[in-house]
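Colleague: I have a model here that I would like to understand. Could we go through it step by step?

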Amino acid sequence: MRADDDKKLAARAARGDERAFEAIVERYETVIYNAAYRIARDPDDAADITQSVFIKVYRKLGTYDPSYKLFSWLYRIAVNEAINHVKKHGRMVAVEEELGRSSESPATDVARLERSDRIQQALMELTIEHRVVVVLKYFLELSYAEISDVAGIPEKTVKSRLFSARQRLKRILTDQERQ
Amino acid sequence: MIDDRAVELMNGEMDGENSPAESREFAQLLESSDEARAYYEELLALDGRLQGAGTVKPPRDLRARILSKTTRAPARRRSRRTLLIPDNLLEAFSPRLAYAFAAGVAAGLVAFALLAGWDATPTAPADALRGSLLAWELASEAESAREVQFEMPEGLVEGRVSYAGPHARLDLTVTTDGPAELVLRYGEQVRFDGLVAPDDADSHLNVVESETRLMHSGSGDYVVYLSNPRGEPFPIEILVCGEGGVCYAESVDPGP
């Protein structure tokens with residue numbers, strides 16, 4: 001089981017086992033980078049956020065409570081870090097900057113990135129609270145209960161924010177297509 | 001008219017969060033309302049677009065950056081290492097002969113010290129061994145050392161360069177995401193004495209008059225021995241060149 005494995009890794013890392021910490025970084029680096037990227041929009045900011053997240057995780061490993069899932073704890077740190085970063089900074093980059101960063105063939109890349117960029121632009125028009133819920137749902141693939149845990153909001157609020165965010169995204173994307 | 005309950009049922013169904021009773025209620029809703037069906041189809045289309053947005057790959061050096069700021073050392077693949085000595089040196093010093101020679105010298109020094117009443121504590125390598133790997137192995141302490149650390153988009157180089165008179169020893173850990181070339185540049189007068197390298201680097205070693213080049217991939221620890229027959233310390237330039245031919249360099253000077 002991955003959750004059990006995560007807990008063992010976290011326990012070993014908290015005892016100073018650097019290999020275990022490296023394994024945690026390897027396992028969650030991409031997903032945290034993607035969440036940060038979808039919230040902050042800028043690839044360099046996303047890298048800085050990811051780095052800060054893992055430095056915090058490393059320092060706080062001793063306080064991690066294994067009765068909670070490791071990913072919930074990690075994602076909570078990541079979301080807080082990303083929100084703080086966006087509130088302090090917040091900038092936009094063009095789709096061209098993403099081209100060199102995707103792992104697929106150039107043709108697939110362009111089509112996907114054009115789609116992805118429209119989605120990303122639409123995401124950036126949401127409030128940060130709505131954007132976080134959408135990112136947790138679609139890019140981290142969490143359930144309502146897990147989003148509630150990570151974002152620190154009641155499940156009812158998760159639902160209402162997600163429904164409102166979808167409504168708004170539908171309108172933004174429709175407007176984009178009309179232009 | 002789509003009311004709040006209908007919106008909740010549609011979203012819940014799409015997210016797989018509806019209970020069986022709610023799923024039945026949702027099915028009835030769709031059967032009874034064209035407007036609800038159209039709305040749900042729009043939601044599904046949005047859902048598909050969000051799911052199709054894909055994953056963005058993190059920068060290649062991100063993990064190394066994280067680990068260099070957290071764990072004591074960057075992620076590294078430990079590998080077996082091979083002692084590499086240039087042919088001309090090998091002719092003079094095959095390892096077995098070298099150790100036998102060193103043992104002989106040591107025994108001779110002890111015998112001489114006992115006979116002459118000298119203090120036998122070793123202080124410096126014997127002149128006869130200068131310029132060889134054994135000079136370093138017999139040297140008591142480095143006279144000076146320079147720390148080396150530089151980050152590149154593709155990885156990290158860290159370690160130290162130690163000097164003892166005209167001898168230099170480089171202890172380097174090189175971590176790169178892909179293939180790279182490690183290049184050491186020094187003056188034409190400087191002699192490459194030997195190298196301890198990961199096994200996969202040895203077939204690509206290229207030593208020319210004023211530089212040593214070797215192919216590197218992943219993570220590896222290197223020890224390189226250089227010396228200056230003119231008896232003076234000398235600067236060294238350390239370069240790592242990625243696949244695109246872009247090189248990152250740091251120069252080390254022995255100082256005063």
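Colleague: How many residues does the contact take from chain A and from chain B?

Modeller: Keep in mind that this is a predicted model. Two residues count as in contact if their C-beta atoms lie within 7 Å. The contact takes 33 residues from chain A and 29 residues from chain B.

Colleague: Which helix gives the most to the side of chain A that touches chain B?

Modeller: α2, α3, α6 and α9 of chain A each supply at least two residues of that side. The residues there divide into 14 nonpolar, eight polar and eleven charged. With ten residues, the helix that gives the most is α2(A).

Colleague: Where is the kink in α2(A) centred?

Modeller: Helix α2 of chain A covers residues 18–40. Just after α2(A), R41(A) takes a positive phi of about 80 degrees.

Colleague: Are α2(A) and α4(B) parallel or oblique to each other?

Modeller: Their axes come within 10 Å and cross at roughly 130 degrees. Angles over 145 would count as roughly antiparallel, and 65 to 115 as roughly perpendicular. The crossing is right-handed. The two helices are therefore oblique.

Colleague: Which residues in α4(B) do E22(A), V25(A), E26(A), E29(A) and Y33(A) meet?

Modeller: Those five residues lie in α2(A). By class, the contact of α2(A) with α4(B) has five nonpolar, no polar and four charged residues. The partners in α4(B) are L62(B), R63(B), I66(B) and L67(B).

Definitions and conventions:
Residues numbered from 1 in each chain as written. Chains lettered and ligands numbered in written order. Predicted model: local features only at pLDDT ≥ 70, side-chain atom pairs only at ≥ 80, totals over all residues. Bend = angle between axes of the 7 residues up to and from the residue. Helix = DSSP H or I, 4+ residues; strand = E, 2+ residues; numbered from the N terminus. Axes fitted to C-alpha atoms, helices over the stretch in contact; angles between N-to-C directions. Parallel < 35°, antiparallel > 145°, perpendicular 65-115°, else oblique. Left-handed = near helix turned anticlockwise from the far one by under 90°. Nonpolar A, V, L, I, M, F, W, Y, C, P; charged D, E, K, R; others polar.
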